[in-house]
Amino acid sequence: MHLAQLNVARMVAPLDDPVMADFKNALGPINELAESTPGFVWRLKGSDDDPTALVDHDYGDFAVTYSIWESRQALWDFIYRTGHLPYLRRRREWFHHTTLPSAVLWWVEEGEIPSLKHGLERLEHLREHGPTPHAFTFKDFYETTTIPRHISSWVPSPQTT
């Protein structure tokens, strides 16, 4: 099993605004760092190979990071033990604060690349139901050994929510 992660954050300004310059300028180097980090498997790229995928919403621009890692430790090491950390610490300069979870983790079969829509559904599940084996966080983490095989692809129907 591999660990998928999705993070969605609403930017305080459009990507070309000067307030976003440090963030924008770091996208390429941080993405290259991720790709060279041991345990990295895959990341979402924009259709024109832009260093980020942006989703245009009615309420502003959202930065989306979506990646797959060999393990929890590999993802943790990238986030907290590389040059990514100084940028993470500055996130409030570039993104609106929210009380809703903005990041979600879940296990996928090795070789599986779920769609962005599927990842957004996992984030919505986390927001609606809290951490479960279907969608969880670093703080409330579920190991693969605690997840029945049939639940990894389970998506609740409207009747069960």
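**Exercise 1.** At its relative accessibility, does Arg90 count as buried, partly exposed or exposed, and what is the value?

*Solution.* The model is a predicted one, in which local features need pLDDT of at least 70, side-chain atom pairs count only at pLDDT 80 or more, and totals for chains, interfaces and linings use all residues. Residues are numbered from 1 along each chain as its sequence is written, and side-chain values use heavy atoms, with hydrogens and water left out. Buried means under 20% relative accessible area, exposed over 50%, and partly exposed in between (1.4 Å probe, protein chains only). Because its relative accessibility is 26%, Arg90 counts as partly exposed.

**Exercise 2.** Find which residues the salt bridges of Arg90 join into one network.

*Solution.* Start with the rule: a salt bridge is a side-chain nitrogen of Lys or Arg within 4 Å of a carboxyl oxygen of Asp or Glu. Asp22 meets this rule with Arg90, their closest N and O atoms being 2.8 Å apart. This pair links distant parts of the chain, with Asp22 in helix α1 and Arg90 in the loop between α3 (84–89) and α4 (91–94), 68 residues apart; helices here are DSSP runs (H or I, at least four residues), numbered from the N terminus. Next, the side chains of Glu93 and Arg90 also meet in a salt bridge (2.8 Å, N to O). Through shared partners, Asp22, Arg90 and Glu93 are therefore joined into one network.

**Exercise 3.** Compare the accessibility of the partners in the salt bridge between Glu35 and Arg43.

*Solution.* Glu35, at 32% relative accessibility, counts as partly exposed, whereas Arg43, at 13%, counts as buried.

Methods:
Helices (H or I, at least four residues) and strands (E, at least two) are DSSP runs, numbered from the N terminus.
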